[in-house]
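Here is a short briefing on how two chains meet. Look at the structure first, then read the points below.

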Amino acid sequence: MRRFIERHPLWSLFIIVVIFVFLWLVFATWPPGFEAIFGKKKVFLNAVLNGITLGGLYFLVASGFTLIFGLMRNVNLAHGSLYLFGGYMGFKTVAWTGSWLFSFVVAFVAAALLGIILQYLVFRRMEGQDLRQTLVTIGISIVLADLMLWIFGGDFYQIQTPDWLVGPAQMPFVTAIKSSGEAVYMTYPIVRLAIFAASVVIGLAMWLVLNRSKIGMIIRAGVDDKDMLSSMGVPIQLVFLLVFAFGAGLAGMAGVVGGTFQSISPGEDTRFLLASLVVVIVGGMGSIPGAALGALLIGLAEQLGSVYAPTYAVVLTFLIMVVVLAIRPQGLLAR
Amino acid sequence: MTGIDQTSLSRSTSLKLFGYHPVVIIVAVLLLFMPLIANDFILYQIFSWSFMLGIVALSLMFLAGYGGMVSLAQMTIAGFAGYMVAIFGVNGIASVSIGWPWWLAVPMALFLATLLGTITGALAVRTEGIYTIMITLAIAAAFFYFTNQNYAIFNGHTGINRVATPHFLGVEWRSTVPFYYLTLGFAVLCYWVTSWISRAPFGLALQGVRDNPRRMAALGFNVNAHRIAAYVYASFMASIGGILLVWGNGQISPGSVSVDVAIDNLIIAVVGGISRPIGAFIGALIYVVLRTFALDVLVAFGLDGNRFRLLIGIGFLAIVFFSPDGVIGLWNRWRNRHASVSTVRQGGAHG
């Protein structure tokens, strides 16, 4: 942190100013003149919260993607299919058992198993051939997409939110002051907050496991030099298998989250694949904190963009990617 | 992806006629007189489509095969050129039609699309290898979502229909036979120019950059400039393909630039083989034939006719698994095996 400030004083100043402006926008009561130009504060806050929670969802998808890439140098373009697969599995589980939490377990296990099959039968055989692996994942994503279209049809599925998460929560942000002097507090759906909290917990847990545990040490060593690691007697193929399963499982779980937030349908696989791509390009390939930062930025850009410039929301996301590529091609938080 | 054209060197010279292999001459004569043999359906649905898709795939083959850069944005550039021709020219949507004659709209579209391709390339060359795939895929997807949302320029989800096709020299170029010759002409032109460039100093330098960028930089070549120049040429070619596609279809919509289409373009190039320009057209022919007849064949075998993409996906997987150099690789392997048993088999490990 200190080194960054010493090295880039101007950038640090810029980032600090942006953070302060943002905090003011969130916490202050907007003066009337400002509201006239910028629209209602409630709309802005809603967009920000939507962006942050969407960022949480993107993080769940992208962190698995970036973890797999970091260790195995495998750009898994079938990652979106794993997301969609998890979503369908979650939907079926909720339909059969009625338990929302259990559907996460099922989606995680199902996607992880699919990931294990892919890693064991396909990617293990073409280790080190980046381009060929990528082409194979494209082929697999086409096959999986069509199989799922065959089985589940082209309908939209929405996963039912459990009763204990339905309804709004009051947030500590004042959106407006009534003429009586009473402050109006913002309300926001509990389920989104819960899911965001869960993705933060998962992110922190991943960071802890990677940086503070034996298995994390092995994975980090594998990222740096897998030949050396395997010559030290670590069963590297098993580590690959576990990491792939975990990354795939996360994507599957994210499918349930996405199915509850929005809906799942054919085409969502591409959408979330694109989101993960942009998130990891912005954040830095193979970096978990990078995925978190990228997901937050992209989620915010998408939601704020869709409120303030509806037709150009996609372009905004894309512009962020272009700017990052132009000034820091390896991504914001890459080593 | 090694070697430039080792196979043509090893080919026996005794069979050649006017300096061409007899197979080449037979194919050329066949293509030239195709309208006498084939009906309209075959001419348009199979051949014109193969030529148009082949041109776009050729632009990808050029980048991937000679430059080592797999760009998934080539179909996007083609689509952008198509959109520009539709918008600057005459079309059925009054709100987005500018109404220029075709001889003004076409150069404009070529210029703008090549510009887009150059910018894409300038961004993509900042990274290498698989990163290029990801960035160009992101660009392709962003353009698709943008056309879907934007009504002011691209007319959103419905796209643009009733795009006017040029009518000059007393020929309506949209009708089947003239359109066949139009697409054939441009396909041959693109093929010929690409083959020529691959042997010209620029093409050789580009292949040097592909094989060892550091050594080429040490020799004084500007690596990034060569890569971007490759994008300029490939984008120009893709734009030609895109304009032909929009004339052939008479309409363009976000579906024409979707991620699936961009990936299909990659499939065409890879299935054909990205080591030689002819691969793009072979791949396109296979793809178009499959797409046209898959439904009938699947139904004939008692399967669901909608499973076309499954068939394409499995076919693609099989090719990537068994012959990374596509159909050309299969052909080379087959010939090498027959030519002499002692020769080392080629076309395996790279890709």
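In this predicted model, chain A and chain B bury about 3,700 Å² between them. Buried area is the accessible area (1.4 Å probe) that two parts lose on being put together, summed over both. Carbon and sulfur atoms give 79% of the area.

**The interface**
- A:Leu131, A:Arg132 and A:Ile142 supply 15% of the area that chain A buries against chain B, more than any other three residues.
- In contact are 43 residues of chain A and 39 residues of chain B; contact means heavy atoms within 4.5 Å.
- The count of salt bridges between the chains is 0 (a side-chain nitrogen of Lys or Arg within 4 Å of a carboxyl oxygen of Asp or Glu).

**The side of chain A that touches chain B**
- By class, this side has 33 nonpolar, 5 polar and 5 charged residues.
- Nonpolar covers Ala, Val, Leu, Ile, Met, Phe, Trp, Tyr, Cys and Pro; charged covers Asp, Glu, Lys and Arg; the others, Gly among them, are polar.

**One residue: B:Ala141**
- B:Ala141 is buried, with a relative accessible area of 2% (buried means under 20%, with a 1.4 Å probe and protein chains only).
- Leaving aside neighbours within four places in sequence, B:Ala141 is in contact with A:Leu274 and B:Val259.
- B:Ala141 and B:Asp260 lie 119 residues apart in sequence but 9.5 Å apart in space, C-alpha to C-alpha.

**How to read the numbers**
- Residues are numbered from 1 along each chain as its sequence is written, and chains are lettered from A in the order in which they are written.
- Local features need pLDDT of at least 70, while totals for chains and interfaces use all residues; side-chain values use heavy atoms, without hydrogens and water.

Methods:
This is a predicted model: local features need pLDDT of at least 70, side-chain atom pairs count only at pLDDT 80 or more; totals for chains, interfaces and linings use all residues. Buried means under 20% relative accessible area, exposed over 50%, partly exposed in between (1.4 Å probe, protein chains only).
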